[in-house]
Amino acid sequence: MKRSEINKVLMEMEAFVREYRFALPPFCHFTPEDWRTKGRDYDEIRDNMLGWDITDYGLGDFDRVGFSLITLRNGNVAQKDKYAKTYAEKLLYLREGQYSPMHFHWSKMEDIINRGGGNVLIRVYNSTPGEGLDETGEVRVHMDGRELVVPAGTQVRLTPGESITIPPYLYHDFSVEEGTGPVLLGEVSQCNDDNTDNRFLKPVGRFPTIEEDEPPYRLLCNEYPKG
């Protein structure tokens, strides 16, 4: 992705978050120049990869496969003594036409919440003992205190305010219902570790390769300078 494209997407998400009156923590507003002045007292942000994030899954087609997100809080499974939080929270922004590929988490349980905008569609499958896709077994899902049993491959629709619980080993993907517009999602979960706890049905990457065609508007969570 070009840096100019990333800048545009971050500004777009920032405006959408503001439209739905979700106040972001101070570190989300730090400029690259601000980060050069931040000492070791901000290491929790660096070590736990809090802040702005973009993924195109290494496929180079962000408009179709990818989304924007902000990690607001997170523990650290590799440094539990230093960072004792057992939970995480994110905001995710999906444009209409974007897709997040089929995956599950070995450890993390999460709630996905539609915070505002259009409708999100989450397709669900059980996993097999060999970590494949169970295309026949019924799926038991929990949505806002209600338990449902749906056929494998059902796209569960979340309208604004609705949520679904995704337990470990439950395959799921994301897309936006056509004609409903972009979506702001919340994610409340156990600690998040994108390096070790994502099992994609088809192997993909994580961070985009960036072509620097203009200065960054915000630093991404993998770009912070050391304190």
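Student: Which residues is Leu 91 in contact with, leaving aside its neighbours within four places in sequence?

Tutor: Met 13, Val 17, Phe 22, Leu 24, Ser 68, Leu 69, Ile 70, Leu 72, Leu 184, Leu 185 and Gly 186. Contact means heavy atoms within 4.5 Å. Keep in mind that this is a predicted model, where local features need pLDDT of at least 70, side-chain atom pairs count only at pLDDT 80 or more, and totals for chains, interfaces and linings use all residues. Residues are numbered from 1 along each chain as its sequence is written, and side-chain values use heavy atoms, with hydrogens and water left out.

Student: What makes a nonpolar core, and which members of the largest one touch the most others?

Tutor: A nonpolar core is a set of buried Ala, Val, Leu, Ile, Met, Phe, Trp, Tyr and Cys residues joined through side-chain atoms within 4.5 Å. The largest has 26 residues. Met 13, Leu 24, Trp 52, Ile 54, Ile 70 and Leu 91 touch the most other members. Helix 1 (3-19), strand 1 (51-55), strand 2 and strand 3 each give two or more residues to this core. Helix 1 gives the most, with 6 residues. Helices (H or I, at least four residues) and strands (E, at least two) are DSSP runs, numbered from the N terminus. A second, separate core has 24 residues, among them Val 65, Ile 112, Ile 122 and Val 141.

Student: Why is strand 2 described as mostly covered?

Tutor: Count its buried residues: 6 of 7. Buried means under 20% relative accessible area, exposed over 50%, partly exposed in between (1.4 Å probe, protein chains only).

Student: How do you know that strand 2 pairs with strand 1 and with strand 3?

Tutor: Two strands pair if DSSP finds at least two bridges between them. Strands 1 and 2 run antiparallel and are joined by 5 bridges. Strands 2 and 3 are also antiparallel, over 5 bridges. Both counts meet the rule, so both are pairs. Look at Leu 69 of strand 2: it is the bridge partner of Asp 53, and it stands opposite Leu 92 in strand 3.

Student: Why is Ser 189 called buried?

Tutor: Its relative accessible area is 8%, under the cut-off, so Ser 189 is buried. Ser 189 belongs to strand 13 (residues 183-190). Beyond its sequence neighbours within four places, Ser 189 is in contact with Thr 86, Tyr 87, Ala 88, Lys 108, Met 109 and Glu 110.

Student: Asn 74 is in a loop. Is it buried or exposed, and how do you know?

Tutor: The loop runs between strand 2 and strand 3. Asn 74 has a relative accessible area of 3%, so it is buried. Setting aside neighbours within four places in sequence, the residues in contact with Asn 74 include Glu 44, Asn 48, Tyr 87 and Cys 191.

Student: What makes the phi of Arg 21 worth a remark?

Tutor: Most residues other than glycine have a negative phi. Arg 21 is not a glycine, yet its phi is positive, near 60°. Arg 21 sits in the loop between helix 1 and helix 2 (32-35). At 78% relative accessibility, it counts as exposed. Glu 131 also has a positive phi, about 70°. Glu 131 lies in the loop between strand 6 (120-127) and strand 7 (133-134). Its relative accessible area is 21%, so Glu 131 is partly exposed.

Student: How do you know that the side chains of strand 10 alternate?

Tutor: In strand 10 (residues 155-158), Val 156 and Leu 158 point to one face and are buried. Strand 10 is joined to strand 6 by 4 bridges, and the two run antiparallel. Arg 123 stands opposite Gln 155.
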